[in-house]
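Student: I am new to this structure and would like to learn how to read it. Could you walk me through a few features?

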Amino acid sequence: MKPLTEADIRSSFVNATPEQLHRLPIPGLHETIWNEREFLGWRDPAAAHLGYIVHWMDDRPTGIVLRAPNGSLRTGISAMCSLCHSSQPATQVKLFTAPRAGEAGRNGNSIGSYICEDLACPLLIRITPPRADQREFIEARSAGLLRRVQNFTADVMRAP
Ligand SMILES: [Zn+2]
């Protein structure tokens, strides 16, 4: 992905409250390997129930705030992340909810999706056992992940 600046990130959120924007934690951008990412995703170290995803959509940085539930899915089963399609132990996938943009979100309307707990899908899709078509394989995963995260954000922005 094209690199994001702190200003890009701060201006990107479509569903954040003024208070959430005010206390938004910015991750360490100088260590980020942008060309191995479809989005920037991070959890809030000071507010365990919050997470953030920012990606480019039509050349605009577009971000969503996600809320995580307190509990986990049942242990001992596996679950699939709806963004990266990785199967993981169920404790590592959470049902995040994204308030819809605008008035709908302020009225409590939100969209839920099972997503990797650490929002690190771009790292996960690049971890594979060696294979002959490694590059094509990861490129296909990357294209799928980008499409799904953009669709999710578009859903958040769409009036219900
Ligand atoms: Zn994932």
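Tutor: Gladly! Let's begin with a strand pair: two strands pair if DSSP finds at least two bridges between them. Here strand E1 (residues 40-43) and strand E2 (residues 50-57) pair in the antiparallel sense over 4 bridges. Helices (H or I, at least four residues) and strands (E, at least two) are DSSP runs, numbered from the N terminus. This is a predicted model, where local features need pLDDT of at least 70, side-chain atom pairs count only at pLDDT 80 or more, and totals for chains, interfaces and linings use all residues. Residues are numbered from 1 along each chain as its sequence is written.

Student: What is the order of the elements along the protein?

Tutor: Starting at the N terminus, they run α-α-β-β-β-β-β-β-α-β-α-α. That comes to 5 helices and 7 strands.

Student: Where is Ala90, and is Ala90 buried, exposed or partly exposed?

Tutor: Ala90 lies in the loop between strand E5 (87-89) and strand E6 (93-99). To judge burial, count the other C-beta atoms, placed from the backbone, within 10 Å of a residue's own: 20 or more is buried, 12 or fewer is exposed, and in between is partly exposed. Ala90 has 17, so Ala90 is partly exposed. Across the protein, buried residues make up 29% of the 160 residues.
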